[in-house]
Amino acid sequence: MAVFAITYTYAADSAAARDEHRPAHREYLDGLSEQGANLCSGPFGPGEAPGALLLFRAASEEEALALTEKDPFRLRGLVSEVGIREWVPVLGPLAEHF
């Protein structure tokens with residue numbers, strides 16, 4: 001299985017809606033963690049454009065993207081853009097865990 005770096009760009013003026021739906025969003029991603037698909041995820045820092053990085057393990061890019069389709073943030077239109085790239089961890093103390 002490959003590792004994919006997925007980026008979310010949040011929709012403009014969606015901060016209040018994200019706050020409202022964050023518990024469901026996190027519950028969904030936690031379920032993917034329990035399945036072994038979500039390796040790590042979280043928002044970009046406060047000085048960055050609103051969005052998030054998700055590291056998923058999946059058999060293909062299509063499978064990884066499909067896992068995001070039921071994310072409450074995506075279902076409610078709070079994500080304006082989704083990017084994906086396969087990522088190959090090589091060096092560093094976390095690399096052996098991927």
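The following dialogue examines how terms are applied to this predicted model.

Modeller: Residues are numbered from 1 along each chain as its sequence is written. In this predicted model local features need pLDDT of at least 70 and side-chain atom pairs pLDDT 80 or more, while totals for chains, interfaces and linings use all residues, and side-chain values use heavy atoms, without hydrogens and water.

Biologist: Why is the contact between Asp19 and Arg22 called a salt bridge?

Modeller: The term requires a side-chain nitrogen of Lys or Arg within 4 Å of a carboxyl oxygen of Asp or Glu. The closest N and O atoms of Asp19 and Arg22 are 2.7 Å apart, so the pair meets that criterion. A search of the whole structure finds one salt bridge.

Biologist: What separates Asp19 and Arg22 in helix H1?

Modeller: They are three residues apart, and therefore separated by about one helical turn.

Biologist: Why is Arg22 called partly exposed?

Modeller: Buried means under 20% relative accessible area and exposed over 50%, with partly exposed in between (1.4 Å probe, protein chains only). Arg22 has 26%, so the intermediate class applies.

Biologist: How do you know that the buried residues of H2 are on the same side?

Modeller: In helix H2 (residues 61-68), Ala64, Leu67 and Thr68 are buried. They cover an arc of only 105 degrees around the axis, which puts them on the same side of H2; the arc is that of the directions from the helix axis to the C-beta atoms.

Biologist: What do the buried residues of H2 pack against?

Modeller: Their partners are E1, H1, E3, helix H3 (72-75) and E4, where contact means heavy atoms within 4.5 Å.

Methods
Helix = DSSP H or I, 4+ residues; strand = E, 2+ residues; numbered from the N terminus.
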